[in-house]
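I am keeping short notes on what I looked up in this entry.

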Amino acid sequence: MASGDTSNQPTALVIGGGIGGLTAAVALHQAGRRVTVLERAPALEPVGAGIGLAPNAQRALDAIGAGDAVRAMAAWQSEGALRLPGGRVLARTDTRAAVRRFGGPVVVAHRADLIGLLADRLPAGAVRTGMAATVTDPGDPADPHHPAHVRLTATAPEAPGHPTDDPAGHPTDLTADLIIAADGIHSATRRALFPNHPGPRYTGLTTWRFVVPAPACGVDPHETWGPGTLWGSQPLHDGRVYAYASAVVPAGGRAPDGERAELVRRFGGWHRPVPDLLAAVDPADVLRNDVYAMDRPLPAHHRGRVALLGDAVHPMAPNLGQGGGQAIEDAIVLGLLAGADADLVAALAEYSRVRLPRTAEVVRRSARVARLTTWRSAPARALRAALLAGTARLAPDLALRALDGIADWSPPGRP
């Protein structure tokens, strides 16, 4: 926790209290900035879902002293499988192969655990919930007398001990040396800074996610690919299971009888443990989200004194498990570049220079894998199954090559 007079510290405002925003806040706090996180939700209560953190994300979190705590969340597993809906195994996955290739396994953690881990590394009062933030002036990093401006509007009463400046909900204006926009796929900040950019595109896929206690039959890690559909089950370290699914459907849909019922229709006849997991979930706990991706990268990841990170700048298909990892990388690079003594002009230009090409490549690779899961015709699925099974038999580590240059990343200046 910070101590002493901080009134003369360079300021940073972070819009969005998700994983990327909180990681950026911790990194900038540790780099000497006075940080405030502005979250429009009434509390830091993340969605009830898991997140995959590959070795690149773990090494990024090492930079703020959180990597080992994340590694401790790993559920021990040596093998997983890629299956067909009837249960046939197309390929085995070996955690040891990933460790050899990338220096560690993928850790699947509950988002709530990661949110808590990050929030605990911030000073008391640094997170202000129930606050919607709008950038009204991006500022000029070359002019010390031209800070960025943000307008706040209370959306809900804040948590005890974090009162708003104006409990009545009237707008309040703040200025900051630096603003980090981590406000998600439909980022209002991105639209304000780059109004002529088309933004993300619907990929044709919708996802469902939930977390439940492990069923009596047990759960081995697996993904199962069907006709334009996918199901994944991943054990968590605390005895629960993170389940996720996707299907090719029109955007904006909702099941009239609830999303659990929709999942039962689509996946209820698949191999165990899929029916057991569906039987265990409360219908209210099933999350449904359309998947958007940034096919056309922004010209830069910053404008003025405002830097964008995570889904606000490069939303991607989830099929490489890198959405959260790339947001964490963004946050750590910002913390390393834009500390209290940094030249902001140079720091933000370098942030765009190093992050834009890397994240654009991860978006492209994720899209390629996502397209494979959308194949629906019987001949296409038979070809896909033959290719996956043949690859697994002749070159067991070939599937890992999709993460070459991604999962083996380390923060600049670190091994």
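I count two residues as in contact when heavy atoms lie within 4.5 Å. The model is a predicted one.

Entry 1, helix α9 against α10. I looked up which residues of α9 meet α10. On the α9 side I found Q326, E329, D330, V333, L334 and L337. Their partners in α10 are A347, L348, E350, Y351, V354, R355, R358, T359 and V362. Sorted by class, this contact has eight nonpolar, two polar and five charged residues.

I then took the geometry of the pair. Helix α9 covers residues 323–337 and helix α10 covers residues 344–373; they pack at an angle of about 165 degrees with axes 10 Å apart. I therefore noted α9 as roughly antiparallel to α10, since an angle over 145 degrees counts as such. The crossing of α9 past α10 is right-handed.

Helix α1 spans residues 19–30, and I read an angle of about 20 degrees to α9, with the axes 8 Å apart. Angles under 35 degrees count as roughly parallel, so I noted α1 and α9 as roughly parallel to each other. This crossing, too, I logged as right-handed. From α1, the contact uses I19, G20, T23, A24, A27 and L28; from α9, A327, I328, A331, I332, L334 and G335. By class I have nine nonpolar, three polar and no charged residues for α1 with α9.

I located I406 in the segment after α11 (378–394). Is I406 buried or exposed? Its relative accessibility is 1%, so I406 goes down as buried. Leaving out residues up to four places away in sequence, I406 touches N56, L320, Q322, Q326, E329, R358, V362 and R365.

R128 sits in strand β7 (residues 127–129). I noted R128 as buried because its relative accessible area is 12%, where the cut-off is under 20%. From R128 to A154 I have 26 residues in sequence and 10.0 Å in space, C-alpha to C-alpha.

The protein chain averages a pLDDT of 91, and 93% of the residues score at least 70. I flagged residues 1–5, where the pLDDT is below 50; beyond near neighbours in sequence, that stretch has four contacts in the model. I flagged residues 159–168 as well, with pLDDT below 50 and 15 contacts beyond near neighbours in sequence.

How values were computed. Residues are numbered from 1 along each chain as its sequence is written. This is a predicted model: local features need pLDDT of at least 70, side-chain atom pairs count only at pLDDT 80 or more; totals for chains, interfaces and linings use all residues. Side-chain values use heavy atoms; hydrogens and water are left out. Axes are lines fitted to C-alpha atoms, for helices over the stretch in contact, and angles run from 0 to 180 degrees between N-to-C directions. Helices (H or I, at least four residues) and strands (E, at least two) are DSSP runs, numbered from the N terminus. Angles under 35 degrees count as roughly parallel, over 145 as roughly antiparallel, 65 to 115 as roughly perpendicular and the rest as oblique. A crossing is left-handed if the near helix is turned anticlockwise from the far one by less than a right angle, and right-handed if clockwise. Ala, Val, Leu, Ile, Met, Phe, Trp, Tyr, Cys and Pro count as nonpolar, Asp, Glu, Lys and Arg as charged, and the others, Gly among them, as polar. Buried means under 20% relative accessible area, exposed over 50%, partly exposed in between (1.4 Å probe, protein chains only). pLDDT is the predictor's confidence in each residue, from 0 to 100.
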